Amino acid sequence: MLFFQLFSKSLHCIIKNSSSMTQQTSSLTHENQDRYPPGDLAIWIFILAELSVFAVFFAAYAFTRMNNVELFNEHQQHLDTQAALINTLALITSSYFVVRAVAAIRENSIRHCIHWLLAAIAMGGLFVAVKIMEYAHHFGEGINLSTNTFYMFYISLTFFHFMHVIMGMVILGAVALKAHKGGYSASEHTGVETGASYWHMVDLVWLILFPLIYVMR
């Protein structure tokens, strides 16, 4: 009889502790999902710094264009707008994949998180491949930074962004590798959100760069 009483008390304690741990985990997960801004605070400071640099470049481009409208309009016609449109769609699609990766890890679906991250990296790879073909075409025609003011801005701005895309792909790759090793879960996925935040910044900059350089006349 005493044995059954002790067993009953022990079982009650285990169920109570388990319920308490579940509530704590659920609370932690909920708190993690509601954290704003998402990801590490340091990445947001870095993103603001990066956006400030791009803003200065964009302002310099706009100011110079105002004083060289004919030159800029003439050489903008030689840019491959279709290739730039493909790259725009590639980055928008990649951002969607990154959003799905964050949603997956919040549901503790590590496998799906990795798959979405790899899909986003693949879209980044498409962007890089198309951009390299664009550069190869221009350089093949003898165009470089000293050709004229328009190409100086075009090559500088797009190449600066190009390097950010590559850095973003490396970050997403590192996040995917850590997720593969079990480094993230529904309750702790700050790294996934940090990588996603950086990638969205790269996407945002291109959404400004594309119409500014390829479309606006």
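Predicted model: local features only at pLDDT ≥ 70, side-chain atom pairs only at ≥ 80, totals over all residues.

Biologist: What span should helix H5 have at 1.5 Å a residue?

Modeller: Helices are DSSP runs of H or I with at least four residues, numbered from the N terminus. The expected span is 1.5 Å times one less than the number of residues. Helix H5 has 31 residues, 110-140, and so should span 45 Å; its end C-alpha atoms are 45 Å apart, which agrees.

Biologist: At what angle do H4 and H5 pack?

Modeller: Axes are lines fitted to C-alpha atoms over the stretch in contact, and angles between N-to-C directions run from 0 to 180 degrees. H4 and H5 pack at about 165°, with axes 8 Å apart. H4 is therefore roughly antiparallel to H5, a label for angles over 145 degrees; those under 35 are roughly parallel, 65 to 115 roughly perpendicular, and the rest oblique.

Biologist: How is the pair H3 and H6 arranged?

Modeller: Helix H3 (residues 69-76) packs against H6 at about 60°, with the axes 9 Å apart, so H3 is oblique to H6. Contact means heavy atoms within 4.5 Å. Among the residues making this contact are Leu71 and Phe72 of H3 and Phe150 and Tyr151 of H6.

Biologist: Which residues have the most contacts inside the largest nonpolar core?

Modeller: A nonpolar core joins buried Ala, Val, Leu, Ile, Met, Phe, Trp, Tyr and Cys residues through side-chain atoms within 4.5 Å. Buried means under 20% relative accessible area, exposed over 50%, and partly exposed in between (1.4 Å probe, protein chains only). The largest core has 51 residues, and those with the most contacts inside it are Tyr61, Phe150, Tyr154, Trp206, Ile213 and Tyr214. Helices H2, H4, H5, H6 and H7 each supply at least two residues of this core.

Biologist: Is Ser197 buried or exposed?

Modeller: Ser197 counts as buried because its relative accessibility is 7%. This residue lies in helix H7 and touches Pro38, Trp44 and Ile47, not counting residues up to four places away in sequence.

Biologist: What is the phi of Asn108?

Modeller: Most residues other than glycine have a negative phi. Asn108, in the loop between H4 and H5, has a positive phi near 65°.

Conventions
Residues numbered from 1 in each chain as written. Heavy atoms only, no water.
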